[in-house]
Amino acid sequence: MGLGLLVNGEWQKTRDQEDDQGRFVRPETDFHHWTMADGSSPFQPQPGRYHLYVSLACPWAHRTLIMRELKGLTDAISLSVVDPYMGDEGWAFSDYPGAIPDSVNQARYLRELYVKAKPDISGRVTVPVLWDKQTNTIVNNESREIIRMLDTEWNAIAQGNANLCPPALQPEIDQAIDAIYQPINNGVYRAGFATQQGAYDEAVTELFAALDYWEQVLAQQRYMCGDRITEADICLFTTLYRFDAVYYVHFKCNLRRIVDYPNLWGYLRDLYQQPAFKATCNMDHIKRHYYMSHPGVNPHGIVPKGPELDFDAPHDRAQRFALVEA
Ligand SMILES: N[C@@H](CCC(=O)N[C@@H](CS)C(=O)NCC(=O)O)C(=O)O
C-alpha cells in the first residue's frame, strides 16, 4: 500500500494493514490524555499552551478543526497543517498552499513529534495530534476524544458559546457517533482498502445500509440527534463532504452518491454553509491527498477534475423527503 509506520522509534516505509480475509483493520491510537478544566489532569486548558496538528484532507482531523472554529478557540490553540500528499515518509510539512509549517517543533515530518513524545514508539503516525508545548508531548491523537474535550473542558477560554454535547443528549450523541463509525466513517476506508472481493462487498453493503438508515432519520428531523447540531453531525459531516468527490470513485463506494439522497444532501449543504464548517473545508487538499497518496488504489496518482458539486446551493431546513420504496 505504500504507507509507513514507526517501529521502536525507527521509520519503516511499508506496512500491512489488512487481515487474512483482505479486510482493512484500523489500529487504535496511542495517546489518550485529557485536558481537564478542574485540574484533575496535568493538562489544564490554557490559551497558548497547546498546538493542533492536522491535515485538511483527513476526515478525522477535520472534526477537530470544525470544533476549534465552532468554540472560538482559534486564538487559544495554534495550528499546523501538513502537506496533502502522504508519501513513503508519511505526513510532511511544506509550503504548499493551505499548508502551515510546524512553528512549534520545526519538524519536517509529523513522525518526529511521535518520537519526541515517546522515543521507542511503535505504530502509525496519524493526524490529528494535540500537542502540549509546556511538557513537549502529545496529549491526545484520537479525534473523537479531542472534539469532546474542546467542547466540554475549554468553555472558560472559548470565545464562542457553542455547546455541541448538552449533557441531556450525551448518551444519544455517543450512540450516534458509535453507530456511524464502523459502517460510514471507517466504512469508506474498509471499502477502499479491501484487498479481497468479499471484504469490499461486506464494507460497501454495510456502508450503504447505514447511509439509507440516516437518510430516513433525516426525513423525520434535521440533524442526527434532533433539531440542533451536535458532535455527531460533525463526525458524519466530514465523511459526507468527501464522499462524492473521493469515496465514490477512489474507494469504489458507488452504489449511490450523496447528491442522490435528498435528505442527506440538504443536510450536508446546511452544515457546509455554517461559517465554522465552511472555513475548514479544502477540496484541493482532499482530492490531492487521496488520489495521489494511495498507489495501490490509484497507481498513476491522477487527480480527477470533477465532480462539480454545489455545496452553496440553497437548502430548506424544513423540507423533508420521505423514502420512496424501490
Ligand atoms: N482514530 C483516529 C484516526 C486518525 C487517522 O487514521 N488519520 C489518518 C488520516 S485520514 C492518518 O493520519 N493516517 C496516516 C497513516 O495511516 O499512516 C482518529 O479518529 O483521530
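At what angle do helix 4 and helix 7 pack, and how far apart are their axes? A few notes on this predicted model follow.

1. Numbering runs from 1 along each chain as its sequence is written. Because the model is predicted, local features need pLDDT of at least 70 and side-chain atom pairs count only at pLDDT 80 or more, while totals for chains, interfaces and linings use all residues.

2. Helix 4 (residues 170–185) and helix 7 (residues 231–247) pack at about 15°, with axes 8 Å apart; helices here are DSSP runs (H or I, at least four residues), and strands are E runs of at least two. Axes are lines fitted to C-alpha atoms over the stretch in contact, with angles from 0 to 180 degrees between N-to-C directions. That makes the two helices roughly parallel (under 35 degrees).

3. On the helix 4 side, the contact includes Ile173, Ala176 and Ile177, and on the helix 7 side Ala232, Cys235 and Leu236 are among the partners (contact: C-beta atoms, placed from the backbone, within 7 Å).

4. Helix 1 (59–71) and helix 3 (residues 143–153) pack at about 5°, with axes 9 Å apart, and are therefore roughly parallel to each other. Residues that meet there include Trp60 and Met67 in helix 1, and Ser143 and Ile147 in helix 3.

5. Ser143, Ile146, Ile147, Arg148, Met149, Leu150 and Asp151 of helix 3 are buried (20 or more other C-beta atoms within 10 Å of the residue's own, all placed from the backbone). Their cover includes helix 1, strand 5 (129–132), strand 6 (137–140) and helix 7.

How values were computed
Angles under 35 degrees count as roughly parallel, over 145 as roughly antiparallel, 65 to 115 as roughly perpendicular and the rest as oblique. Two residues are in contact if their C-beta atoms, placed from the backbone, lie within 7 Å. A residue is buried if 20 or more other C-beta atoms lie within 10 Å of its own, exposed if 12 or fewer, and partly exposed in between; C-beta atoms are placed from the backbone.
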